[in-house]
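Here are a few exercises to work through with the model open in your viewer. Try each task before you read its solution.

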Amino acid sequence: MSEIKRALVLGGGGVAGIAWETGVLTALADAGVDVTAADRIIGTSAGSTVAAQVTSGLPLSDLLKRQTDPALQTPELPSGVPMEELWTRFQQIFEQTPDPAGQRRAIGALALGASTVTEARRREVIEARLPVHEWPERDLVIVAVDALTGEPRLFAPGSGVGLVDAVAASCAVPGVWPCVTIDGVRYMDGGVRTSTNADLAAGFDRVLVLAPLPDMAEGEPAWKGLEGTVEVIEPDEDSLAAFGADPLAPEVRTPSAEAGYAQGRSAAARVTAIWR
């Protein structure tokens with residue numbers, strides 16, 4: 001009998017998503033199912049931060065404290081961008097441009113033309129988030145998108161790109177944070193492709209998807225079509241309330257992490273059923 005292969009998919013969702021996913025993962029582990037031992041971890045945007053954190057060697061309990069305890073929270077920058085207005089701009093692009101590659105290029109143009117903090121200032125935030133700055137010896141995939149061509153780029157150990165740069169690129173929310181320059185190429189948030197990029201878990205027998213935010217474009221979510229057994233956790237009402245109107249706001253971390261922990265406890269039985 002062949003060995004069961006498991007994949008953990010961590011989607012995008014701003015600092016709220018980081019906190020929420022950390023809460024969910026910690027609660028699952030406390031309930032006896034540590035999904036961070038998955039054979040592959042796929043991280044997009046906020047999920048790339050969490051993926052780097054949970055493979056750093058730091059215990060989940062410590063990672064949760066870094067979200068819930070204001071004294072341990074790492075510095076974050078306020079976005080300074082009205083999220084409702086930005087979301088409306090994205091929706092207009094998706095409505096006016098039916099081709100997915102064209103949509104990504106249009107959002108890339110928005111990202112490249114935006115007035116933001118410097119790449120160096122934003123990189124400091126990512127560096128502080130990550131307990132370790134070296135790639136783990138794991139099957140870890142971090143997703144970003146070429147802002148000029150709209151083509152996705154998958155970063156992994158051995159790709160020749162540093163972990164901090166890969167995470168910074170995947171977290172470069174268009175219109176909010178600067179595109180990240182790697183070898184002369186400007187990259188933006190991997191969530192521009194899909195919010196989870198769960199299709200990259202194709203071929204795995206068990207897949208757990210944490211999806212803090214829905215996809216911007218209409219259509220089937222990225223996990224549809226996967227042949228393995230798939231469990232998806234999306235924010236419940238309490239978690240959405242904790243996120244508030246701006247999931248990028250630093251002050252939502254504590255309530256989002258606590259709501260994620262509560263939701264993880266509620267989901268533990270069904271996750272255990274598919275994971276083992």
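Buried here means under 20% relative accessible area, exposed over 50%, and partly exposed in between (1.4 Å probe, protein chains only). Helices (H or I, at least four residues) and strands (E, at least two) are DSSP runs, numbered from the N terminus. You're looking at a predicted model, where local features need pLDDT of at least 70 and side-chain atom pairs count only at pLDDT 80 or more, while totals for chains, interfaces and linings use all residues. Residues are numbered from 1 along each chain as its sequence is written, and side-chain values use heavy atoms, with hydrogens and water left out.

**Exercise 1. Work out which residues of H5 are buried, and what covers them.**

Step one: check the helix span.

Step two: go through the helix for burial. Ala 101, Gly 102, Gln 103, Arg 104, Ile 107, Gly 108, Leu 110 and Ala 111 are buried.

Step three: look at the cover. It includes helix H4 (83–96) along with strands E3 (139–146), E4 (152–155) and E6 (185–189).

**Exercise 2. Find the residues UniProt lists for "active site", and see where they sit.**

Step one: take the record. The unreviewed UniProt entry lists Ser 45 and Asp 189; positions are in the numbering used here, feature names are shortened, and annotations may be inferred rather than shown by experiment. They span 145 residues in sequence, yet no two of their C-alpha atoms are more than 5.9 Å apart, so they gather at one spot.

Step two: place each one. Ser 45 sits in the loop between strand E2 (40–44) and helix H2 (46–54), and is buried at 7% relative accessible area. Asp 189 belongs to strand E6 and is buried too, at 6%.

Step three: list contacts (heavy atoms within 4.5 Å). Skipping residues up to four places away in sequence, Ser 45 touches Gly 12, Ser 170, Cys 171 and Asp 189. With the neighbours within four places left aside, the partners of Asp 189 include Ser 45, Val 145 and Pro 174.

**Exercise 3. How many aromatic pairs does the whole structure hold, and what is their geometry?**

Rings of Phe, Tyr and Trp (its six-membered ring) pair if their centres lie within 6.5 Å; planes under 30 degrees apart are stacked, over 60 edge-to-face, and the rest tilted. The search finds 2 pairs.

Step two: Trp 20 and Phe 243 have ring centres 6.3 Å apart and planes at 85 degrees, so they're edge-to-face. Trp 20 lies in H1 (residues 14–30) and Phe 243 in H8 (residues 237–243), so the pair ties together parts 223 residues apart in sequence. Both are buried.

Step three: Phe 155 and Tyr 187 have centres 5.5 Å apart and planes at 75 degrees, so this pair is edge-to-face. Phe 155 is in strand E4 and Tyr 187 in strand E6, so parts 32 residues apart in sequence are tied together. Phe 155 is buried at 0% relative accessible area, and Tyr 187 is buried at 6%.
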